[in-house]
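Subject: Model handover, aromatic pairs

Hello,

Here is the model for your files. Please look it over alongside the notes below.

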Amino acid sequence: MLLLFTAALMFTACEHSEEKTSESHHGAMSSMSHESGNSHESMDAGQHVVEFAALDFVFAGPPEIPSGWTTFRMPNRGEEHHVMILIQLPDGISYADFYAAYNQRGATGSRPDWWGEQVIMGGPAALAPGLTGETTVRLDPGEYAMVCPVPTADGTQHSALGMMRPLTVTEEDSGAPEPEADITMTLRGLEFEMDGVITPGRHTIRVVFEHQPEGKPHDVHVARLGPNQTLEDFATSMETLDLTDVYFIGGAEDMPEGYTAYFTADFEPGRYAFWCHYHSEDGMVQEFTVEPL
Ligand SMILES: [Cu+2]
């Protein structure tokens, strides 16, 4: 789908010419969340969990998995933020075809007829180093590509550095049930519509993609805000794709209209932001607070 590469372009639009450090801010946040992020409990007994570790710059995990409800657990063992976008390839298109087309598109801008038939099927959203993301989606059998288009400081996409790989989803069904959630988020307009309150602790949030505007779908990334970081500061960082001062704890990458994803994250008391990749420029950035118990 074009979308991914629009996204990639957005990610690479900003060149970082200067080295920035923000030890106090980032250091404090990192130490804060490392412990809970390393939890290995899955969201729910009975889930089918597959683990793909995110490294700089590769996804380490199995080459094939069963179809059906699947929890993608992504420990970020790298030093940069990562995402995992699952792309279902059109019937008859292999990963080798996709890879060749991807490179050709990068080099010449041309793309094959089938390019627009790829379908983004979600996956774990932006995740800071040291944390473990868990996002559950239901996948049909087929050939997939797993991609991280997050840019390095010099603007190179992780996918170009090796963070792109094939995944075969087999006919065998995982048999796992749809997860249970204690909070539901509905995405249809420019608001993250919440049914339920996020309290301190671990939550599984159901994300209902009720309306996906053509060519510009909703997704949700959750960022923890620093003590002195305003929502405006955060929005500015994301506009310029300067990831130095941002700290994402997960979420759900976009899926087609009518689909549902689930993500699990650990929340400590504090201020957070929901951020939608394509609609942040339209104001789809929303602050919320997790109040201490
Ligand atoms: Cu990455």
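Buried here means under 20% relative accessible area, exposed means over 50%, and partly exposed is in between (1.4 Å probe, protein chains only). This is a predicted model, where local features need pLDDT of at least 70, side-chain atom pairs count only at pLDDT 80 or more, and totals for chains, interfaces and linings use all residues. Residues are numbered from 1 along each chain as its sequence is written, and side-chain values use heavy atoms, with hydrogens and water left out.

Now the rings. Phe, Tyr and Trp rings (six-membered ring for Trp) pair if their centres lie within 6.5 Å; planes under 30 degrees apart are stacked, over 60 edge-to-face, the rest tilted. That rule gives 14 aromatic pairs.

One of them is Phe98 with Tyr102, a tilted pair at 6.3 Å centre to centre and 35 degrees between the planes. Both sit in helix H3 (residues 95-108), 4 residues apart, so about one helical turn separates them. Helices are DSSP runs of H or I with at least four residues, strands are E runs of at least two, and numbering starts at the N terminus. Phe98 is buried at 0% relative accessibility. Tyr102 is buried too, at 12%.

Phe274 and Phe288 make a stacked pair: 4.2 Å centre to centre, 20 degrees between the planes. Phe274 is in strand E16 (residues 270-275) and Phe288 in strand E17 (residues 285-290), so this pair ties together parts 14 residues apart in sequence. Phe274 is buried, with 2% relative accessible area. Phe288 is buried at 13%.

Last, a cluster: ring pairs link Tyr95, Phe98, Tyr99, Tyr102, Trp114 and Trp115.

Best wishes
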